[in-house]
Amino acid sequence: MKGEVILRVEGLWKYFGDVIALRNINLEVLKGELLVLLGPSGSGKSTLLRIIAGLEKPTKGKVYMDSEDITDLPPYKRDTSMVFQSLALFPNMTVYDNVAYGLKIRGVPKDEIDKRVDEILDLVKIRELKNRRVTKLSGGQRQRVAIARSLILNPSILLLDEPLGALDLKLRKELHVELKRLHEEVGNTWIFVTHDQEEALTLADRIGIMNNGRLEQVGDKWDLYEKPATRFVAEFIGETNLIDGKVVEVGDKYIVVDWMGEKIYAPVLENIDRGMNVSISIRPENISVSFRPKSVGEGVNIYEGEVVDELFKGSYVIYYVKIRNGQVIRATVLSKDADFDVGNKVYIYWRFDKGVTIID
Ligand code: ADP
Ligand code: MG
């Protein structure tokens, strides 16, 4: 059933000598979901995936699958299968032989293998390439062979480590659509690793953001965008203005923060106190720009400033507005309303609840 936890990782640490690759990872993966682990190179994504596959042992912590402790099980006894970035296909063998390999070594009878290979090749839409050597295939076709080879084992969890990393952008975008369809058709659980935020946003049901060995936040992609829990998450997904300041007042709905001499209102959080340092993330699309000051309601931030730069993006324009405390804020305006020029005096404003208060 969807919504059940199929895999649980608890208090996972991994050291390689002095290098700490994973720091106290806790994660629940839901049955049937496509979870994307997103993070920069070196953040620990592959290490986490390899521990889930059993290819690496954690220094500390546990891995549970369907509530069973599998931390010490070897890879072949786990109900997982991995697609590597390098693909690791057998170059001198045909598509058929590559895809059939896992079933052959498990002693599955030949006619059963033939039937399953045909089914899987239909699913990834390369049946007509069945007898071709993999060296004679394009990058995208090889990709499909690698996925078919893993899927034929019918794993409960498919682990994919940057499987599209070597392909060009156009091909990757095509394969995103294909992969989503494939995931829905097969219906098993996928954990997909990437460093590409666009790929993550296209593919994922939920995203886990990794940074420096930590899993910083896991959630629905909209939640991550609208309610980033850390500065890193706020900056890694989409564009944002990160404003740093000190809390000078705590109200019922909002706090007042001193931002280099300007006052700024932001949503109140539990455990927030006067004197604390906080960051406020405000997305450029949530900031309005106008020539005249707006009549301000309660909790509205409004600043006078000057347009110091503009960036035309087609359907919208990014304005860089320098305010009195010397800080430059980015605001986006739809091109049809983009009446401002560099040097113009303008006002920028947003209600406190468009911002997100971050303590980290
Ligand atoms: P990612 O997949 O996010 O790029 P990795 O999980 O590959 O990150 O690596 C995380 C950290 O662990 C990096 O600092 C990397 O250099 C280190 N690391 C990974 N594998 C090994 C290894 N076998 N030996 C030593 N260090 C490793
Ligand atoms: Mg990696």
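**Glu 162, a buried residue with a positive phi.** Glu 162 has a relative accessible area of 11% and is therefore buried; buried means under 20% relative accessible area, exposed means over 50%, and partly exposed lies in between, with a 1.4 Å probe and protein chains only. The residue sits in the loop between β7 (157-161) and α5 (169-186). Here and below, helices (H or I, at least four residues) and strands (E, at least two) are DSSP runs numbered from the N terminus. Phi of Glu 162 is near 45 degrees, a positive value in a residue other than glycine. Most residues other than glycine have a negative phi. This is a predicted model, in which local features need pLDDT of at least 70 and side-chain atom pairs count only at pLDDT 80 or more, while totals for chains, interfaces and linings use all residues; side-chain values use heavy atoms, with hydrogens and water left out. Residues are numbered from 1 along each chain as its sequence is written, and chains are lettered from A and ligands numbered from 1 in the order in which they are written.

**Asn 24, a positive phi within strand β2.** Asn 24 belongs to β2 and has a phi near 55 degrees, although the residue is not glycine. Its relative accessibility is 41%, so Asn 24 counts as partly exposed.

**The surroundings of ligand 1.** The shell consists of Phe 16, Val 19, Ala 21, Pro 40, Ser 41, Gly 42, Ser 43, Gly 44, Lys 45, Ser 46 and Thr 47, where a residue is near a molecule or strand if one of its heavy atoms lies within 4 Å of it. By class, four of these residues are nonpolar, six polar and one charged (nonpolar: Ala, Val, Leu, Ile, Met, Phe, Trp, Tyr, Cys and Pro; charged: Asp, Glu, Lys and Arg; polar: the others, Gly among them). Polar contacts are pairs of N or O atoms within 3.5 Å; within protein, one atom must be able to donate a hydrogen and the other to accept it, and residues adjacent in sequence count only if both atoms are side-chain atoms. A backbone N or O atom of Gly 42 is 2.6 Å from an oxygen atom of ligand 1. Polar side-chain atoms of Lys 45 and of Ser 46 each lie 2.8 Å from an oxygen atom of the ligand. On its own, ligand 1 has 560 Å² of accessible area, of which the protein covers 58% (Shrake-Rupley method with a 1.4 Å probe; for residues, only the protein chains shown count as cover). Two or more shell residues come from each of β2 (19-30) and α1 (45-53).

Seven of the nine residues of α1 are buried, so the helix is largely enclosed by the rest of the structure. The buried residues are Lys 45, Thr 47, Leu 48, Leu 49, Ile 51, Ile 52 and Ala 53. After α1 comes Gly 54, with a positive phi near 90 degrees.

**Strand β12 and its partners β11 and β13.** Two strands pair if DSSP finds at least two bridges between them. Strand β11 (residues 241-250) is antiparallel to β12 (residues 254-259), with four bridges between them, and a hairpin of three residues links the two. Lys 246 faces Asp 258 across this pairing, and Glu 249 stands opposite Val 256. Strand β11 also pairs with β14 (residues 277-282), antiparallel over six bridges; Asn 241 is opposite Ile 282 there. Six bridges join β12 to β13 (residues 262-267), again in the antiparallel sense, with Val 257 opposite Ile 264. Two residues separate the strands in the β12-β13 hairpin, where Met 260 takes a positive phi near 50 degrees. Five of the six residues of β12 are buried.

**Aromatic pairs, with Trp 13 and Tyr 254 among the residues involved.** The whole structure holds nine aromatic pairs (rings of Phe, Tyr and Trp, the last by its six-membered ring, with centres within 6.5 Å; planes under 30 degrees apart count as stacked, over 60 as edge-to-face and the rest as tilted). One of them, Trp 13 with Tyr 15, is stacked, at 6.4 Å centre to centre and 20 degrees between the planes. Trp 13 is partly exposed at 25% relative accessibility, as is Tyr 15 at 39% relative accessible area. Tyr 254 and Phe 352 make a tilted pair, 5.1 Å centre to centre with 55 degrees between the planes. Tyr 254 is in strand β12 and Phe 352 in the loop between β19 (345-351) and β20 (356-358), so this pair ties together parts that are 98 residues apart in sequence.
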